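Please find below a short note on the model under review.

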Amino acid sequence: MGVPAELAERMSMAEQHEYLRARFSRRTMVRGGAVTLGAIAGGVFVPGAVAQAAVPSQASATYAATSGESVDGALVSPFGRHLAFGNDPSTEVTVSWQVPINVKKPFVRIGAHPWDLSRKIEAEVRTLYTPAGVGASGDHTQYYLHAKLTHLRPGKTYYYGVGHAGFDPAEAHLLGTLGTFTTAPDHKKAFTFTAFGDEGVGYHGLANNSLLLGQNPAFHLHAGDICYADPAGAGQTTDAGFDSRTWDQFLAQTESVAKSVPWMPAYGNHDMEAWYSPNGYGGEDARWNLPDNGPDKKNLPGVYSFVYGNTAIISLDANDVSFEIPANLGISGGTQTKWLEAQLKKYRAAHDIDFVVIFFHHCAYCTSTAHSSEGGVRNEWVPLFEKYTVDLVINGHNHQYERTDVIKKDAVVKKLPIGGTAYPETEGVVYVTAGAAGRSLYAFSAPDSYEGHVADLDSVAAFVNTKDGKVNETVAWSRVRYLNYSFLRVDVQPASKGRTTTLTVRGIAETGAEIDRFTVARKAK
């Protein structure tokens with residue numbers, strides 16, 4: 001038996017091979033059994049005060065409390081540390097990590113110096129149980145821990161260590177386990193952030209991560225399809241090959257970056273793990289503690305926004321509007337789009353915000369022969385991007401690098417060659433597909449065209465996924481195409497009021513070579 005036709009249409013040959021290998025090399029059929037989650041209330045960090053028990057979040061409050069046997073904590077080492085901003089990145093950061101088995105009294109130590117970690121904050125435990133018969137996972141319980149730190153000082157670097165009874169990072173022999181993070185400034189300041197999508201577990205993801213650190217980013221955006229524990233990606237309990245243990249590998253792989261750089265994900269189709277909740281995000285709720293300022297934390301936990309310096313960042317869930325992969329189509333009932341417009345209106349009116357950057361999974365504009373463009377995104381969100389002059393849209397989904405010209409109403413307003421400058425206030429929007437973080441690469445219908453190897457074409461064959469299926473189109477907006485592993489580096493340079501502030505975007509190959517560069521410019525407020 002091969003790949004089901006409805007899946008084969010959405011998968012590259014490499015993905016079909018991985019699907020079949022996962023399906024037939026291991027036990028992959030679902031044989032019943034409920035997937036459960038558990039939580040223990042944790043604490044918050046208030047400098048100068050005693051940590052107090054926090055009320056569990058809406059997501060964690062729904063988990064059934066669990067308990068299990070524990071062993072000597074000195075024998076258990078935490079792993080998979082990953083940071084995330086809270087609603088206010090200048091004062092709120094969540095430290096998250098994993099332990100292989102149940103531990104007692106988990107906590108975070110934090111201080112201004114590695115020799116001053118006297119502040120100790122209780123952590124919340126979220127257990128994720130996957131019974132035998134759910135994909136290839138076996139009978140497996142994962143323990144994710146989270147400590148939300150609040151009332152931090154803006155623009156300050158903190159040292160922290162994670163531990164539990166029997167494992168104290170403040171002890172001399174464990175000081176090598178400490179990490180650091182820096183909160184956002186409370187004023188306009190130059191900074192860098194990075195972005196990519198579709199990482200998975202493997203050499204190329206690891207190689208890109210090593211390059212990320214060298215960029216010294218303030219934060220990292222992951223545009224969905226995070227680890228591929230569900231290789232089928234249809235968002236159904238019939239998806240074959242699911243293995244929850246892939247997350248253990250992924251969090252260990254990304255720890256070198258994520259332990260010091262807030263790792264901010266959006267959710268893609270491979271992140272809808274249908275066994276954990278009706279919307280497939282119960283597992284994500286266990287692993288991540290993201291800003292909770294979105295329109296619907298229960299159904300759309302990956303939708304949120306935050307402001308760093310003069311730049312507003314918005315994470316959207318394109319599964320809600322995807323015609324191509326409809327498992328969660330319409331899940332928000334339109335509330336996500338209404339929330340998006342309210343956010344855009346608010347940020348454009350704010351006196352201290354110059355740029356608005358939006359990231360999500362499914363591509364608005366791409367010429368890949370695999371998924372190409374998503375009509376649901378074009379219908380629902382592109383008109384708002386244009387109305388509120390969004391400065392940059394970052395997508396994943398298609399495993400390659402592609403960058404458009406300046407677009408408005410599906411047409412080229414201005415060609416944007418490598419090294420060019422876009423002015424969104426008067427022109428249009430630039431879209432970047434940055435889905436080559438690590439998974440198997442797709443293909444283009446046209447030759448590569450990138451820095452040092454330019455092959456400009458004003459006519460490229462593509463298609464768009466609509467409610468009636470695929471519709472072929474010939475487009476003129478595909479300006480840069482690079483079929484190899486890569487990521488985005490974005491440098492934000494603020495300016496005094498009335499002067500030009502810039503956002504410089506660079507495509508960086510896994511080799512470290514620059515493959516694309518362009519600038520977005522507007523008058524500073």
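**Note on the predicted model**

1. The protein chain holds 9 helices and 29 strands; helices (H or I, at least four residues) and strands (E, at least two) are DSSP runs, numbered from the N terminus. This is a predicted model, in which local features need pLDDT of at least 70 and side-chain atom pairs count only at pLDDT 80 or more, while totals for chains, interfaces and linings use all residues. Residues are numbered from 1 along each chain as its sequence is written, and side-chain values use heavy atoms, with hydrogens and water left out.

2. Of the 525 residues in the protein chain, 62% are buried (buried means under 20% relative accessible area, exposed over 50%, partly exposed in between; 1.4 Å probe, protein chains only). Among contacts (heavy atoms within 4.5 Å) between residues at least 6 apart in sequence, 73% join residues at least 24 apart.

3. The largest nonpolar core has 89 residues, and Phe-219 and Leu-221 have the most contacts inside it. A nonpolar core is a set of buried Ala, Val, Leu, Ile, Met, Phe, Trp, Tyr and Cys residues joined through side-chain atoms within 4.5 Å. Leaving aside neighbours within four places in sequence, the residues in contact with Leu-221 include Phe-193, Phe-196, Met-264, Phe-306 and Phe-359.

4. Helix α7 (residues 335-349) has 15 residues and reaches 21 Å from its first C-alpha to its last, close to the expected 21 Å; the expected span is 1.5 Å times one less than the number of residues. Its buried residues are Gln-336, Thr-337, Trp-339, Leu-340, Gln-343, Leu-344, Tyr-347 and Arg-348. These lie on the same side of α7 because they cover an arc of only 160 degrees around the axis, the arc being that of the directions from the helix axis to the C-beta atoms. On the other side of α7, Lys-338, Lys-345 and Ala-349 are exposed.

5. What covers the buried residues of α7? The cover includes strands β14 (304-308), β15 (311-315), β16 (355-359) and β29 (514-523), together with helices α8 (375-380) and α9 (382-387).

6. An open sheet is formed by 4 strands in the order β6-β5-β9-β10, with antiparallel pairing (two strands pair if DSSP finds at least two bridges between them). Its edge strands, β6 (119-122) and β10 (179-182), each pair on one side only. Strand β5 (residues 107-111) is joined to β6 by 4 bridges, and Ile-110 stands opposite Arg-119 in β6.
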